[in-house]
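Work through the exercises below with the structure in view. Each task is followed by a solution in steps.

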Amino acid sequence: MTEEIRCIGCGAVIQTTDKTKPGYAPESSLNKEDVICQRCFRLKHYNEIQDVPLTDDDFLKILNQLGTKEALIVYVVDIFDFDGSWLPGLHRFVGNNPVLLVGNKADLLPKSLKRERLTQWMRGRARELGLAPTDCVLVSAEKGHSFEALLEKIEEERDGRDVFVVGCTNVGKSTLINRIIKVATGENDVITTSQFPGTTLDKIEIPLDDGSVLVDTPGIINHHQIAHVVDAATLKVISPKKEIKPLVFQLNEEQTLFLGALARFDYTSGGRRSFVVYTSNNLMVHRTKLEKADNLYETQAGQLLQPPGETDIEALPKLVPYTFSIKEKADIVFSGLGWITVPEGGAKVTAWVPDGVSVTIRRSIV
């Protein structure tokens, strides 16, 4: 029987027969010391993503394993998209295992936000969503910020056990693991990373000093994130790459804000007040009167209102409305796009998102 070779990028078993299946690599590449599948090669060198053939059931099986092993669960969320990158029901899968909650992409949030307050907020929001983490850590895997603190915390909490790293797609999990490997071994970019969802095809085990392993699991797909209904060019625009600059809008009643053509925020009642928009600096925010909003969207989506552009707007699901009565300072969160802070109670607003994308209300992060 031939020895099983796994791709060092995504963990899939290497095969040389079917280009459409995971792990395909040309035979000539098998002689190399580190074998990488064609999918990872194209992703790494050309930033081309190919569909992941894992089903929701496959992801479910991976989650089901978590409670059967004694391990530390390192749960990575995107702090910019905390609610959108949350895995509903994770607390049911982890069993009695401790969970360390890691908020990645902390470099994207305004520096004025105090980090200690943010970790307190993370802990509170996690409890509201049903999970009681043992601790919360803020990092930037991309920039390497607070990495030593994270590694110390993992070492302290795992107490000799295996470590499972879990998270949904696009939270920067593989970048985080690459950093850990780099610190441990000096190797660069061992796991394929990309801004596109779904890069790790099978779990990857990285040996730790004491005979335990650190396990990188595939990113679980959260279908309600906007990343799953937009094209690659739009995803690039809406995924922030540097610190977000909040935009403040003074709105009268019956005014509307458009976030490109991807979402809409109607302020219905509550007197004149200011609203703060936290989205990628590249996303255009357009203000108009509520009475003109429908017509503006109909005639200008893909043109004045973009992304998506003219060629991709047709593929975007229609916008559907969700109405909220605000009782105290709160955030209206557009899954994968950002959020709008309503500074005080007594307001009524309607948020519009593409059908299938989630919009939630939460205690304000700021």
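This is a predicted model: local features need pLDDT of at least 70, side-chain atom pairs count only at pLDDT 80 or more; totals for chains, interfaces and linings use all residues.

**Exercise 1.** List what surrounds Asp78, and find a polar partner for its side chain.

Solution. Set aside the neighbours within four places in sequence; the contacts of Asp78 are then Ser85, Asn104, Lys105, Asn170 and Val171. Of these, take Lys105. The side chains of Asp78 and Lys105 make a polar contact of 3.3 Å.

**Exercise 2.** State how the protein is divided into domains, and describe how the domains meet.

Solution. Begin with the bounds: the domain assignment gives domain 1 as 56–216 and domain 2 as 228–363. Domain 1 brings 20 residues to the contact and domain 2 brings 24 residues. Next, the centres of the two domains, taken over C-alpha atoms, are 29 Å apart. The area buried between domain 1 and domain 2 is about 1700 Å², and carbon and sulfur atoms give 55% of that area.

**Exercise 3.** How many salt bridges and polar contact pairs link domain 1 and domain 2?

Solution. Three salt bridges are found across the interface. Six residue pairs are in polar contact between the domains, both residues at pLDDT 80 or more. On the side of domain 1 that touches domain 2, eight residues are nonpolar, five polar and seven charged. For a salt bridge in the model, look at Arg362 and Asp83, whose closest N and O atoms are 2.9 Å apart.

Key: Residues are numbered from 1 along each chain as its sequence is written. Side-chain values use heavy atoms; hydrogens and water are left out. Domain bounds come from an automatic or database domain assignment. Contact means heavy atoms within 4.5 Å. Buried area is the accessible area (1.4 Å probe) that two parts lose on being put together, summed over both. A salt bridge is a side-chain nitrogen of Lys or Arg within 4 Å of a carboxyl oxygen of Asp or Glu. A polar contact is a pair of N or O atoms within 3.5 Å; within protein, one must be able to donate a hydrogen and the other to accept it, and residues adjacent in sequence count only if both atoms are side-chain atoms. Ala, Val, Leu, Ile, Met, Phe, Trp, Tyr, Cys and Pro count as nonpolar, Asp, Glu, Lys and Arg as charged, and the others, Gly among them, as polar.
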